[in-house]
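Hi there,

Here is the structure I promised to pass on.

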Amino acid sequence: MIYPSLFFTQAPIVLGIFSIPGESWVRKDGRNYGDVDAVIVMDHIVMEATALGLGTCWIANFDSIAASEIIGLGKDFEPIAFTPIGYAEPKDFKKVRKTLEEIVVYL
Ligand SMILES: Cc1cc2nc3c(=O)[nH]c(=O)nc-3n(C[C@H](O)[C@H](O)[C@H](O)COP(=O)(O)O)c2cc1C
């Protein structure tokens with residue numbers, strides 16, 4: 001089981017983004033950027049899906065061992081994030097957002 005929630009297991013499509021650390025760009029100080037590249041890809045997918053009127057939910061808290069075993073891409077591939085994609089049920093709650101001042105540091 002990669003992720004147990006019904007909105008994940010019952011979604012018509014689930015996308016998984018994997019990095020290949022052995023092929024990723026590495027900064028001079030040794031920092032491997034594979035996971036960064038992977039989340040950029042996922043972020044673009046989420047934004048495009050949203051623009052098309054589809055629902056997504058970024059899933060980081062998945063079972064990475066199960067993901068690797070079930071999808072079977074091999075040990076060179078690291079699962080980074082998943083998202084279900086589908087038409088979401090209507091929401092009946094109002095989102096509470098932090099203000100810009102709460103999340104941005106101005107120097
Ligand atoms: C980095 C990251 C990881 C997340 N992982 C999970 C997850 O494992 N399970 C889950 O139900 N939602 C996960 N979420 C989704 C959040 O719980 C939340 O639903 C979402 O960020 C709401 O975004 P919105 O307020 O912009 O719609 C994650 C979100 C982010 C940004």
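Which residues surround the ligand? They are Tyr3, Phe7, Cys57, Trp58, Ile59, Ala60, Asn61, Lys95 and Arg97, where a residue counts as near a molecule if one of its heavy atoms lies within 4 Å of it.

Before the details, a word on the source: this is a predicted model, in which local features need pLDDT of at least 70 and side-chain atom pairs count only at pLDDT 80 or more, while totals for chains, interfaces and linings use all residues. Residues are numbered from 1 along each chain as its sequence is written, and side-chain values use heavy atoms, with hydrogens and water left out.

By class, the shell around the ligand holds six nonpolar, one polar and two charged residues (Ala, Val, Leu, Ile, Met, Phe, Trp, Tyr, Cys and Pro count as nonpolar, Asp, Glu, Lys and Arg as charged, and the others, Gly among them, as polar).

Now the polar contacts (pairs of N or O atoms within 3.5 Å). A polar backbone atom of Trp58 is 2.9 Å from a nitrogen atom of the ligand. The protein buries 45% of the 620 Å² that the ligand exposes when taken alone (Shrake-Rupley method, 1.4 Å probe).

One more residue to look at is Leu15, which touches Met42, Ile45, Ala81, Phe82, Thr83 and Ile85, leaving aside residues up to four places away in sequence (contact means heavy atoms within 4.5 Å).

Best wishes

How values were computed. Polar contact = N/O pair within 3.5 Å; in protein donor to acceptor, adjacent residues only side chain to side chain.
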